Amino acid sequence: MNSAKLLKCVVIFCLLFSCKNESSVEKEIANIPVEIEIERFDQLFARLTQENLPDLKTKYPFLFSEKYADSIWVKKAKDTIQVELNEEVGKVFADLSKEKKQLESLFQHIKFYFPEIKEPRVVTITSDVDYRNKVVIAKDLLIISLDTYLGEDHHFYESIQKYLRQNFKREQILPDVASMYAKNLVGPIRERTFLGNLVSFGKELYFKDLFLPNFSKAQKIGYTQDQYTWAEANEEQIWRYFVDRQLLYSTDSDLLPRFLYPAPFSKFYLEEIDKEAPDRIGQFIGWQIVASYMKNNNVSLRQLLLADAETIFNKSKYKPAR
């Protein structure tokens, strides 16, 4: 057998072995017992009256601030804007059985990798389109604001910038939930360097990759498929830009909104790139660095959580394809 044929056989064997291992892991994950019930507080609040308010406050004390009198809650429930919110949410989310199954799968995956994490009490609400808090987790509670997922072209979002509302759609609920759990695992960013921030976001996306195997890479990072394709195609050019300008160990805080935070686009200050580059491109690069580190080192997920950015980068052997 010549060397070319031998190499081909080795590649095919490795692919088959990898697929078999992944299939075995997924079968094990599918057997983890998880039962999620979604409590539709949004529907209960739509039917709120003076008479049933005490019962609601008893069941959902965390959703009723004590600084407001009961009359305020009754008035809010009957407010025309609130009524419209209820109606629009009812149209899009008449049934959440799909999300229930997705959440159960998500928590099976989370518990497989981190058994100490318990499945939460899940409550859906309306929040006057508070898109900065689309998903909130606290202790054993998961709150989802359904009025922030009505579709990017919904008239509620007309005054919100396009780059934000492109993810105000139903398919983004699970990636957003996974994001919150990944952020909790990774914890606050402790390293001030640009590299430290890249790697921290990269860890979060790496965990989302494990937690949501049936979602596309684009969905996990919150890109359109075209945006993700552009990031892949230009990865080497982006990385060269970061290296050539010696940005990795910079502590310039201006780099964070330019390359890591939501924005209309990533700001390279190069006309030919800025017109096409999606926002948060640094998160994409951080994801590739962490994935390369995990591929090239025999380390556990808990070791990944503890590893500092420089160690991860130095041992990652990261080199984007030309």
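## Exercises on a predicted model

Pro-320 touches Glu-235, Glu-236 and Trp-239, not counting residues up to four places away in sequence; contact here means heavy atoms within 4.5 Å. Residues are numbered from 1 along each chain as its sequence is written, and side-chain values use heavy atoms, with hydrogens and water left out. The model is predicted, so local features need pLDDT of at least 70 and side-chain atom pairs count only at pLDDT 80 or more, while totals for chains, interfaces and linings use all residues.

**Exercise 1. Describe the surroundings of Arg-280.**

Step 1: Locate Arg-280 in the loop between α14 (271–274) and α15 (281–296). Its relative accessibility is 10%, so Arg-280 counts as buried.

Step 2: List partners beyond four places in sequence. Arg-280 is in contact with several, including Asn-167, Tyr-223, Phe-259 and Pro-262.

Step 3: Look at the side chains. Arg-280 and Asp-279 are joined by a polar contact of 3.2 Å. A polar contact is a pair of N or O atoms within 3.5 Å; within protein, one must be able to donate a hydrogen and the other to accept it, and residues adjacent in sequence count only if both atoms are side-chain atoms.

**Exercise 2. Find two residues with a positive phi that are not glycine, and say how exposed each one is.**

Step 1: Recall the background. Most residues other than glycine have a negative phi.

Step 2: Go to the loop between β2 (121–125) and β3 (135–138), the place of Asp-128. The phi of Asp-128 is about 55°, and Asp-128 is partly exposed, with a relative accessible area of 47%.

Step 3: Go on to the loop between α12 (235–244) and α13 (255–259), where Gln-246 sits. Gln-246 has a phi near 55° and counts as exposed at 69% relative accessibility.

**Exercise 3. Describe the largest nonpolar core, and find another core apart from it.**

Step 1: A nonpolar core is a set of buried Ala, Val, Leu, Ile, Met, Phe, Trp, Tyr and Cys residues joined through side-chain atoms within 4.5 Å.

Step 2: Count the residues. The largest nonpolar core has 83, and Leu-103, Leu-106 and Phe-207 are among those with the most contacts inside it. Helix α9 gives the largest share of this core, ten residues.

Step 3: Look elsewhere. Another core, of 15 residues, lies apart from the largest one and includes Tyr-60, Leu-63, Ala-77 and Ile-143.

Step 4: Return to Leu-106. Beyond four places in sequence, Leu-106 is in contact with Leu-174, Val-177, Ala-178, Phe-211 and Leu-212.

**Exercise 4. Summarise the whole chain.**

Step 1: Count the elements. The chain has 17 helices and four strands.

Step 2: Of the 322 residues in the chain, 49% are buried.

Notes
Helices (H or I, at least four residues) and strands (E, at least two) are DSSP runs, numbered from the N terminus. Buried means under 20% relative accessible area, exposed over 50%, partly exposed in between (1.4 Å probe, protein chains only).
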